[in-house]
Amino acid sequence: ATVRLELDEGTVQPAALTARRGETEVHLTADAATGASLAFSVVVGEAFDGDGAWSLSLADLVDEAGNAAEALDVGTLWVDQTPPNVLSVDVLTPRRSLVPGFDLAQVRVTLQTPPGEGGDVQAQLGKKELVCERQDDLGFTHVCDGTIPADVDSGAHLIEVLAHDAAGNTG
C-alpha cells in the first residue's frame, strides 16, 4: 500500500511516518517526493503484528526557517492480512436450462467472514467458470451458477472456489 501525504509549502523533507498500535511502532521513511507531496510505501509484513487499526503520525517536520513541528496525527492505516474463510461448498441439484441440451449447475458457497466491499467469490466447475452472486447483504452466502452440457458424465467433477477480500487476501 502507499500512503500519500500533502504537506504545506515550505516544509523541508524528508519526514518520518510512524504507525502505532498499542505498544508496537513501525517507522517508515518517504520513498518519493514531488512538490509538497510525500509517498510512503507500506509493506505489511512481520512488523505489522496482526489485523486492525494503526494510528499514523508524521514527525521530523521542519520548515525552511528551521522551526520544528510537534508530531502530527495524520490518520489511520487499516491492516487486513486475514483471508476469507470458506466454510462449505454445496453442489445443488442441476436444473434444466432454458437453452436446449444444457443444464444449470449451481454451487452454494458459505463463508465464515464475508469478503467485504470490493471482494468477490469465484468458482469453476472443471474448466467452466461459474457466475457468483451474493445472496445476503453481508456476503456470507454466494450462489454460483452456469450452464453445462446436459450429457456431461455423472460422477465426480472438480469444483474450485476462491474468495478474495478487498485487501487482496485469498481464501
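Guide: A residue is called buried at under 20% relative accessible area, exposed at over 50% and partly exposed in between, with a 1.4 Å probe and protein chains only. The model is predicted, so local features need pLDDT of at least 70 and side-chain atom pairs count only at pLDDT 80 or more, while totals for chains, interfaces and linings use all residues. Residues are numbered from 1 along each chain as its sequence is written, and side-chain values use heavy atoms, with hydrogens and water left out.

Visitor: What makes the meeting of the R96 and D103 side chains a salt bridge?

Guide: The term asks for a side-chain nitrogen of Lys or Arg within 4 Å of a carboxyl oxygen of Asp or Glu, and here the N to O distance is 2.8 Å. R96 itself, at 66% relative accessibility, counts as exposed, and the structure holds one salt bridge.

Visitor: How do you know that β13 and β14 pair?

Guide: Two strands pair if DSSP finds at least two bridges between them, and four bridges join β13 (residues 128–134) to β14 (residues 141–149), which run antiparallel. Strands here are DSSP runs of E, at least two residues long, numbered from the N terminus. One of the bridge partners in β14 is H142, which faces R134 in this pairing.
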